[in-house]
Amino acid sequence: MIPAEQQLSADTEDRVLNVWDLVKHFALKQAMLSFGGPTLTVKAVDGISFAIRKGEIMGLVGESGCGKTTAGRLITRLENPTGGRIDFLGVNIATIRGRDLVAFRKYIQMIFQDPYESLNPRFSVFRAVVEPLRILGIGETKEQQLELVIRALDDAGLRPAEELIGRFPHELSGGQRQRVAIARALVVSPKFIVADEPVSMLDVSIRAGVMNQMLQLRDKYEIPFLFITHDISVARYMSDTIGVMYLGKIAEMGPSEEIIGRPVHPYTRALLAAVPVPDPEFEYPPVPISGELPSPINLPQGCRFHTRCVYATQVCREVEPAMIMVTPNHGALCHFANDFYSTTSQPAEKG
Amino acid sequence: MLLDIQDLVVHYKIKTGWVHAVDGISLQMEKGETLGLVGESACGKTTLAYGISQLLPNNAYIKGGRILFDGQNLLALTMRKDGRLREYEPKLNKIRWKQISMVFQGAMNALNPVHRVGDQIIEAIVYHEKITRQEAMKRVEHLYDLVGVPKDRIENYPHEYSGGMKQRAMIAMALALNPKLVIADEPTTALDVITQNKILGRIKELQDRFTMAMIIITHDVSVVAKTAERIAVMYAGQISELGSTREVFKETAHPYTSGLLGSFPSVKGKIRRLTTIKGNPPSLVEPPTGCRFHPRCPHVKDVCVTDVPPQIDMGKGHISFCHFAKELAGSLSPGVIG
């Protein structure tokens with residue numbers, strides 16, 4: 001991941017996805033009485049930029065309503081962006097339509113949160129996984145398609161694939177269902193996968209297996225992932241880089257271990273201080289945050305985090321901060337990013 | 001002793017047979033103590049909680065065991081001859097909510113959408129205590145202070161609350177009558193970590209102040225690590241390990257606990273590869289023979305398939321239901337964090 005500010009000059013060769021100032025505003029339906037009044041908009045995604053390289057997993061974290069799911073749906077073009085660019089392998093896919101859009105679906109696939117909802121209960125495993133091949137016209141003969149399906153199931157860890165292929169979703173466990181969803185994404189040999197909370201519905205003992213499977217796939221095929229999650233512990237385990245979203249903006253982004261070990265943005269710091277740790281002897285620091293999440297319809301002036309920030313000053317209330325880079329690949333949307341960076345210790349030895 | 005559960009068995013009757021949701025559980029709790037009840041979905045943890053608060057549905061049959069609360073045999077009050085609970089038992093009103101209250105899973109659905117939140121709490125108070133609505137209102141204001149919701153929100157309807165505020169209102173309602181035991185079923189699962197942290201902190205404060213005992217039911221071992229003094233790990237309707245949170249995390253004595261702890265990522269310490277538990281949770285209609293964890297256990301031996309494991313005492317009140325607890329102890333703690 002390379003911050004937008006540096007993208008123009010930096011080498012772009014191995015970048016699969018470049019997102020530039022991506023915006024999605026939803027217009028709210030007007031209540032009858034306020035007819036003729038100003039249109040209210042929810043600024044779900046309000047100008048985010050990032051890039052993902054070949055074989056890289058970027059974690060997008062944030063609390064519910066921060067816009068992370070919308071960001072994923074924009075990149076897969078399940079939603080139309082209000083503004084900005086999505087350069088995918090050199091082509092801007094933000095505005096493509098019709099046949100081009102269908103052809104593009106082959107390259108970016110999505111894995112959804114709920115494997116109980118995302119699979120058609122009347123489709124067998126084979127039918128669910130072969131469907132994308134039929135729609136996109138991949139595989140010339142039935143035998144070829146069968147071969148691709150079996151390989152995808154095997155890659156997703158559904159073994160023996162030949163035996164599971166005739167089963168229906170109700171005959172599968174939650175973990176197996178999510179693996180079918182992974183196989184369905186894999187079968188078209190995508191160049192990019194967006195996974196939206198793929199493990200949060202799964203049972204604890206199943207979760208780790210599905211996460212390890214995705215890491216294995218990344219290693220084997222070098223498929224880059226955008227991994228969307230509310231759980232920063234999961235994001236750390238899965239990702240090379242992390243973007244922390246707050247009210248439609250990426251508040252901080254950088255290499256995972258930097259974000260975890262040397263967070264700069266006060267929001268990231270609060271998030272990390274609040275995460276429970278599976279260690280009964282861990283001493284928790286105080287969480288530096290106040291108040292509640294403001295409404296995304298009425299965003300605060302200036303820095304959108306200032307209403308909850310314990311370090312906020314006059315400038316934060318008035319001026320919206322730009323991304324400040326504290327290292328070449330670690331940046332934060334905070335006026336005082338450099339001060340915070342220099343006052344935190346090195347991430348070297350944690351524990 | 002506040003709560004003494006002895007060999008409780010609760011089965012659900014379904015078309016295809018019996019679901020062995022709680023299958024011989026014994027558990028004791030002292031006044032003011034926090035117990036974490038951990039396990040995966042459908043391991044019986046919610047059934048156990050509903051059994052304690054006498055809220056089991058109509059197809060649940062209590063097949064054996066006793067629940068003593070503060071010395072009183074609860075099942076003697078409510079159980080019918082066939083093992084089901086009476087739907088309405090006036091004698092229970094002195095206990096339910098007044099002495100044992102619950103914070104339900106999913107506060108979003110637990111509040112009545114057509115009544116003001118404050119009125120719902122006041123209703124609970126005036127039903128159980130002989131005080132006026134004005135006095136009850138005073139108490140609600142005080143409770144809102146305690147759980148950290150602004151007082152001007154008392155008059156609002158549930159849809160005007162955020163998720164975190166609804167959950168805090170539910171906690172206020174659970175505390176309204178100063179109960180001796182609060183059962184919290186996944187109280188923070190639907191909330192983001194910052195709100196979760198605030199609520200867990202608030203619960204702890206209130207508990208210390210009012211010597212309230214609490215059972216926190218969750219699938220998240222880090223929430224238990226943070227809040228509970230003791231932990232009971234449940235698997236397939238039974239307790240597999242029980243002990244102080246420190247002992248269970250650091251001196252793990254059951255392979256299932258080990259697998260559970262090993263599959264949790266953390267933001268602290270070095271990244272370690274997460275371990276997985278093979279297979280899937282078993283059906284509770286036909287639970288596995290012998291040790292119920294044997295089909296998934298990496299240390300399985302012949303005896304595990306045939307014999308139900310005995311209770312093995314690991315010292316300091318730490319017990320394990322694994323044939324090889326003593327032999328495996330020392331090699332089972334993946335939860336050791338750098």
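pLDDT is the predictor's confidence in each residue, from 0 to 100. Keep that in mind as we work through this predicted model.

**Exercise 1.** Find the mean pLDDT of chain B, and the share of its residues that reach 70 or more.

*Solution.* Start with the average: chain B has a mean pLDDT of 91. Then turn to the share: 98% of the residues of chain B reach 70 or more. For the model as a whole, the scores are ipTM 0.87 and pTM 0.90.

**Exercise 2.** Describe how domain 1 of chain B meets domain 2 of chain B.

*Solution.* Step one is to locate the parts: domain 1 of chain B spans 3-228, and domain 2 spans 234-328. Their C-alpha centres are 27 Å apart.

Step two is to count contacts, taking C-beta atoms within 7 Å as the cut-off. On this basis, 24 residues of domain 1 of chain B touch 15 residues of domain 2 of chain B.

Step three is to look at the domain 1 side. Strand E2 (17-29), strand E3 (34-38) and helix H8 (221-227) of chain B each give two or more residues to it. E2(B) gives the most, with nine residues. Sorted by class, this side has 13 nonpolar, eight polar and three charged residues.

**Exercise 3.** Work out which helix gives the most to the side of chain B that touches chain A.

*Solution.* First, the contact: 36 residues of chain B meet 36 residues of chain A. H8(B) gives the most, with five residues. Finally, the classes on this side of chain B are 16 nonpolar, 15 polar and five charged.

Conventions. Residues are numbered from 1 along each chain as its sequence is written. Chains are lettered from A and ligands numbered from 1 in the order in which they are written. This is a predicted model: local features need pLDDT of at least 70, side-chain atom pairs count only at pLDDT 80 or more; totals for chains, interfaces and linings use all residues. Domain bounds come from an automatic or database domain assignment. Two residues are in contact if their C-beta atoms, placed from the backbone, lie within 7 Å. Helices (H or I, at least four residues) and strands (E, at least two) are DSSP runs, numbered from the N terminus. Ala, Val, Leu, Ile, Met, Phe, Trp, Tyr, Cys and Pro count as nonpolar, Asp, Glu, Lys and Arg as charged, and the others, Gly among them, as polar.
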